[in-house]
Amino acid sequence: MSFAEKNKKQSIVQVAIDTPVNKLFDYIWDHESLGSSPQRGQIISIEFGKKELVGVVIKEIENSEFDIQKLKHVTGIAPCTSISEDVIGMAEFSSVYYQKSIGEVLLPAIPKYWRQKEKWELLSKAKRKTKSAEKKNHRNKEEQKVIHLNDEQETAIAELVKASQEKKFETYLLQGVTGSGKTLTYLRWLAKVLEEENSQVLIMVPEINLTPQLEESVRTAFPESSLIVMHSGLTDRTRADNWLKANTGEAKIILGTRMAVMTSMPNLRAIVVDEEHDLSYKQQEGVRYSARDLAVWRAKKLEVPILLVSATPSLETWYRAEDEKYKKLSLNNRAAKNATKPIIDIVDLNIDRQSGNKNEHGFSAHLLSGIAKNLELGLQTLIYINRRGYSPVLNCEACSWVSDCLKCSAHMVLHRPAGERSSLCCHHCGLIRSIPKVCPSCGNSDLIPLGKGTQKVEEFLSQQFPQAKILRIDADTTRKKGSAEELFGSIHDGDADIIVGTQMVTKGHDYQSVALVGVIDADASLFSQDYRAAERLFAQLMQVTGRAGRSEKSGASRVVIQTRYPSAAPYKYLQQDDVNGFLAEVCEERKMVGLPPFSYQALIHAEHKTLMAAIDMLKDASRAAQLSEAWPQNVMMSDVVPKTMVRLAGKERAQILMECVNRQSLQYALEIFQQALTEQNTKRKGVGWYIERDPVQI
Ligand SMILES: [Zn+2]
Ligand SMILES: [Zn+2]
């Protein structure tokens, strides 16, 4: 007779707790004191050692393998709805796939305040009225204009509406250039989905703070529905309140960054992943999940359609669409009335140099004259350089000393913000040092900044065009809350003649009077060891090209790309406006060498104060794993190698890359490897390690 049969007043539940120990913990559930029966997905408090922790009920069991007398009790139930079944299922799947405990996946996805029992009472007295709801209602009536859709948009919407009405799982790729009306297309679809009573939709975006325009469009499109946002910039209280609204079904639209994929929603009917190729969907710490991939998993589990949106899809997604695993919806026409394709000039710096332009500041004669002409016409110019700071390195010409970081195998970047003190900063570990007065190695007083970043470009342009108003947008100028919005606002208001910016300016913003875009230093990415670098460069270039608006004065806008390698594929296809051509070429290359999407990869990473210890541990674990009888022979293992950037924040790092054409074989191999690593790890001290599935940066 089981414990449950004997005992009507108590049950045993298994609980997920945020700990690396990969198991569930058994607890006694006392019906009388808790006032209800256990439910899967309930957030509860429990005794754990001497502390009280918060966990999630995963299941009720008949008998515990432990001594019942010694089991501790569930001490309280959070005053909120249980986490939806699909999210618990997703946590169970992720736990296996990403090799973490369920608790490590599930608990961090619950807002902090809900993980603190002492905050529960406060949260249950929620201010129910949404601020946004008040704000939007009166605004909308005037703002909503009738926008006519073109045939391609209508076709895409019809297809999506059909899928959501039939309630079937299908992954769609909506591919279309900037200005083709992708956002409007998916918003119209979601509007249809929301007509059904009690339905909820999830819109995922890479970055909310940089795209206030998108939040605005979503609010405008759905004046009557309640919308909440989920991202890391919210206060703990707001995040907890928003999460509750999603979890009860009160919020109809959830707009969020990658963290939103784990938000519990009882009535989720459709998912959109905007800019699906964006790297920020990949979590780079803790559970290294891909929010895009999990979103597809979730849609499948719920049997609802999911739409992946991009102008430059990731090769994985694009290939699945070509392979007809995903359905492709294309928007080939620029929808806006006066939107035209920008003209793209590729400036060959080799020729530019031959013709006498010394190009010392990284600007070709062609680009400089373009800026001058633009200024005369009163139009805006955007200069894109994806490197912040003044110079990437400080160098002594006498002894060739360079400003290396003490803790990382990287140079410290010279920062020389106008009007402030200069310093050396490491962009990897955050170390900041003052500028040495003389060379620390030989005493020479002539230290030269090499190369250029946004600050140097800003400085040069302000000397070259003293009358121009120059605005710099990078992580340094946008650090303060709200400052990004402010800067973007002044661009829109025409308060800047020249904008110098990193990738940050390329996300989501349309600048109607930017008539010239200059890309001055893109070549570096062509020679990266990372096989995805070209794909990323191409996506960035497409995105920055898309920022060029069109104005009456200038006619079509112009994009100037400076390069020493004009025939490189990203430039060539960009000029031809041929995304599919580029992806087809990259796809062919990957196929020939068997790289993803034609194989699956995992990275085993180890780190220690000394490189030897990290390498030894990986070698021993790898040997032990491969000796296992169950080891799948079709899994390929690279040698143990130091990482490209060996030292980071004082730790030396090494890795093994595993590859297999079969995802399941790779899964088996990783489970064996995980076991071997755990065993090795108990034998030695202080070696950190993790396993990463589907790495996006190698
Ligand atoms: Zn020196
Ligand atoms: Zn560093």
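Strand E3, which covers residues 43–48, pairs with strand E4 in the antiparallel sense, and the pairing runs over 6 bridges. Within this predicted model, one place to look along the pair is Ile 43, which stands opposite Val 56 in E4. The two strands form a hairpin with 2 residues between them, and in this hairpin Gly 49 takes a positive phi near 60°. E4 also pairs with strand E1, residues 10–16, again in the antiparallel sense, here over 5 bridges, and in this pairing Ile 12 stands opposite Ile 61 of E4.

H3 itself has 13 residues, 85–97, and reaches 18 Å from its first C-alpha to its last, close to the 18 Å expected at 1.5 Å a residue. Which residues of H3 are buried? They are Val 87, Ile 88, Met 90, Ala 91, Ser 94 and Tyr 97. An α-helix has 3.6 residues a turn, so residues three or four places apart point the same way. H3 is followed by Gln 99, a residue whose phi is positive, near 55°.

Elsewhere in the chain, Asp 476 lies in the loop between strand E20 (470–473) and helix H16 (483–492). Is Asp 476 buried or partly exposed? With 16 other C-beta atoms within 10 Å, Asp 476 is partly exposed. If its neighbours within four places in sequence are left aside, Asp 476 is in contact with Arg 388 and Pro 417. Asp 476 and Pro 417 are 59 residues apart in sequence, yet 9.2 Å apart in space, C-alpha to C-alpha.

Stepping back to the whole protein chain, one finds 21 helices and 28 strands. The radius of gyration is 28 Å, close to the 26 Å that the globule rule gives for 698 residues, so the chain is as compact as a globular protein of that length. Along its principal axes the C-alpha trace spans about 95 × 65 × 50 Å, and buried residues make up 44% of the 698 residues. The chain is divided into five domains, among them domain 2 (146–331) and domain 5 (600–693), and 35 Å separate the centres of these two, taken over C-alpha atoms. Among contacts between residues at least 6 apart in sequence, 75% join residues at least 24 apart.

Notes:
Residues are numbered from 1 along each chain as its sequence is written. Chains are lettered from A and ligands numbered from 1 in the order in which they are written. This is a predicted model: local features need pLDDT of at least 70, side-chain atom pairs count only at pLDDT 80 or more; totals for chains, interfaces and linings use all residues. Domain bounds come from an automatic or database domain assignment. Helices (H or I, at least four residues) and strands (E, at least two) are DSSP runs, numbered from the N terminus. The radius of gyration is taken over C-alpha atoms; the globule rule is 2.2 Å times the number of residues to the power 0.38. A residue is buried if 20 or more other C-beta atoms lie within 10 Å of its own, exposed if 12 or fewer, and partly exposed in between; C-beta atoms are placed from the backbone. Two residues are in contact if their C-beta atoms, placed from the backbone, lie within 7 Å. The expected span of a helix is 1.5 Å times one less than its number of residues. Two strands pair if DSSP finds at least two bridges between them.
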